[in-house]
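Hi there,

Here is the structure I promised to pass on.

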Amino acid sequence: MGSTPMSLTATYKLSARLFWRDKGTLPASVITPLGLAIGMPTLMRNVTAGGVTAAAQMFVGTLALILSGTAFLNITVALTMRRDQLLLKRLRATRLTNRQILLGEVANTVTQTVILMIVSAVAVHLLADVPLPRNPVLFAVFAVAGSAVMATLGVAWTAAIPRGELAAPMTLPFFFLAGLASGAMGSIVDLLPPWLHPFLAALPTSAVVDAVRASYGPGTFGSDLAAAAVPALVLAAWAGVALLSIRRWFRWESRKS
C-alpha cells in the first residue's frame, strides 16, 4: 500500500523534469498561453472604453487558451514523443503500473496549468486592474477540474496521432477552437452559424470559462452553486469520454515498433 504514493511521486517528478527540459514545447505550452492571457487583457484595458470590464471579460476567455495550450497540447505532445522514443515502454518494464505512469503525467500537467492560471490572474490584477475572483474557491475548483479533464483528453488524443512530429499540428486546432468558443479571440464567434454555438458551448474549456466567469461576477453561495452545476456536468461527461477512450485505444508504443 505504501509504494503507490511513492511510485506516483516518482512519475510526477520525472514528468516535471522532462517538462521543463523540453525547450521545444515550452513556447507553445507555457510562453504563448501565458503571454496571451496577460497581454490581451492588458491591451484591452488600455485601448477600449470599457477598460477594466473589457479586460476582465477578455481574461476569463483567455483561460481557455491556457487550458488547451498547457493542459491539452503539452501532455499530448509529451506522451506522443515519449511513446515514439520508447520511454513509455521502458517505464512499463519497471514496477510502475500503467495507472501510476499516466496519473503522474496528468498530475504534473494539472500542476503546471493551475500555476499558470493563478499567475495570470495575479498579473492582470496588477497590470490591468482586473479584480481578483470574488469566489476564489469556485475559481480554484474549476481550474483544477478543467486542467485534469483537458489533460486526460490529451492522453486520449495521443491514440489518434501516428507519430511525434505530427502531435503539435494535430493539437493546435483545438487551441484555436477553444479560444474562439470562449471569446478570447473577440466576437468572431458571433459571425459563425447559430447551429455551431451549442457545440462550442459544450466544450470543456467553455464549461470552465462559464464557471470562472461566475466566480468573478456578483453572486451568492447559492447562485454560485447553480452557475457551477452545468459546467460540472459537462466536465464530468468529457472526463468519462476521455477515460473510456484511454482504456480502449491508448498505445504505449508506436506502430513502427
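Let me begin with residues 225-246, where the chain is 100% helix and 0% strand and the end C-alpha atoms are 31 Å apart. Please keep in mind that this is a predicted model. That span is one of those that the unreviewed UniProt entry annotates as "transmembrane region"; the others in the annotation are 24-44, 56-80, 101-126, 138-160 and 172-196. Residues 56-80 are likewise 100% helix and 0% strand, with 35 Å between their end C-alpha atoms.

Next, the helix packing. Helix H2 (residues 26-47) and helix H3 (residues 52-84) have axes that come within 8 Å and cross at roughly 175°. An angle over 145 degrees counts as roughly antiparallel, so that is how H2 runs relative to H3. Among the residues making this contact are Pro33, Leu36, Met40 and Met44 from H2, and Met58, Phe59, Leu65 and Leu73 from H3. By class, the contact of H2 with H3 has 16 nonpolar residues, five polar and one charged.

H3 also meets helix H5 (residues 98-128): their axes come within 10 Å and cross at roughly 155°, which makes H3 roughly antiparallel to H5. The crossing is right-handed. On the H3 side the contact includes Leu63, Leu67, Ile75 and Arg82, and on the H5 side it includes Leu102, Glu105, Leu116 and Val124. Here the residues divide into 16 nonpolar, six polar and two charged.

Best wishes

Terms used. Residues are numbered from 1 along each chain as its sequence is written. This is a predicted model: local features need pLDDT of at least 70, side-chain atom pairs count only at pLDDT 80 or more; totals for chains, interfaces and linings use all residues. Side-chain values use heavy atoms; hydrogens and water are left out. Axes are lines fitted to C-alpha atoms, for helices over the stretch in contact, and angles run from 0 to 180 degrees between N-to-C directions. Helices (H or I, at least four residues) and strands (E, at least two) are DSSP runs, numbered from the N terminus. Angles under 35 degrees count as roughly parallel, over 145 as roughly antiparallel, 65 to 115 as roughly perpendicular and the rest as oblique. Contact means heavy atoms within 4.5 Å. Ala, Val, Leu, Ile, Met, Phe, Trp, Tyr, Cys and Pro count as nonpolar, Asp, Glu, Lys and Arg as charged, and the others, Gly among them, as polar. A crossing is left-handed if the near helix is turned anticlockwise from the far one by less than a right angle, and right-handed if clockwise. UniProt positions are given in the numbering used here, feature names are shortened, and annotations may be inferred rather than shown by experiment.
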